[in-house]
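Hello,

I am handing over the structure we spoke about. Please look it through before reading my notes below.

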Amino acid sequence: MTALFCSGDAMRGGRLHHNVSAHPFLGAVRTAPHYRMYSVRDEFPALAEDPSGDTPLAGEIYDVPLSAIRTDFLPDEPPELELTVVELDDGRDVLAVGLRPGVLERQSDELTDITVHGGWRTYRGLPDPS
């Protein structure tokens with residue numbers, strides 16, 4: 001099993017939650033502060049590492065087998081995202097999806113920095129399901 005960080009629609013209440021809902025929910029967490037979060041066309045969030053970042057970003061982690069990440073989770077991810085590793089605010093490293101290299105430069109007109117909101121749910125005005 002692998003800890004998978006979800007920060008968008010795979011979180012509880014999201015339209016893609018079915019991709020992880022069969023696996024153990026390990027809790028609500030935050031990233032280490034050295035990331036930025038972008039809204040891509042206001043359709044989905046994307047994490048990008050930023051050493052000057054100062055805002056931990058909200059998400060959830062699930063205990064998911066690598067085979068399920070491959071067959072259930074990744075096929076629904078948009079082409080702007082790729083599998084990566086992120087650091088949580090407690091120092092753990094976990095799998096996640098993040099912005100592919102070069103997307104920020106090539107598609108900057110489609111990205112809105114939403115880091116100040118602290119996460120996708122807050123940005124979208126969605127309730128916390130806990």
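This is a predicted model: local features need pLDDT of at least 70, side-chain atom pairs count only at pLDDT 80 or more; totals for chains, interfaces and linings use all residues.

Residues are numbered from 1 along each chain as its sequence is written, and side-chain values use heavy atoms, with hydrogens and water left out.

The sheet

Helices (H or I, at least four residues) and strands (E, at least two) are DSSP runs, numbered from the N terminus. Two strands count as paired if DSSP finds at least two bridges between them. Three strands make an open sheet in the order β4-β3-β8, with antiparallel pairing. Strands β4 and β8 (111–113) are at the edges with a single partner strand each, so one side of each has no neighbour in the sheet. From one strand to the next, the twist averages 35° (axes are lines fitted to C-alpha atoms, for helices over the stretch in contact, and angles run from 0 to 180 degrees between N-to-C directions).

Strand β3 (residues 35–40) pairs with β4 over six bridges, and M37 has L47 in β4 as its bridge partner. Three residues separate β3 and β4 in a hairpin, where R41 in the turn has a positive phi of about 55°. On β8, β3 pairs over three bridges, with V40 opposite L111. Five of the six residues of β4 (residues 44–49) are buried, so the strand is largely enclosed by the rest of the structure; buried means under 20% relative accessible area, exposed over 50%, partly exposed in between (1.4 Å probe, protein chains only).

Residue E80

E80 is in the loop between α1 (66–73) and β6 (81–87). Its relative accessibility is 8%, so E80 counts as buried.

The cores

A nonpolar core is a set of buried Ala, Val, Leu, Ile, Met, Phe, Trp, Tyr and Cys residues joined through side-chain atoms within 4.5 Å. The largest has 21 residues, of which L4, C6, V20, V64, I69, F73 and L99 touch the most other members. Apart from this core lies another of 14 residues, among them Y35, L47, V86 and L88.

Regards
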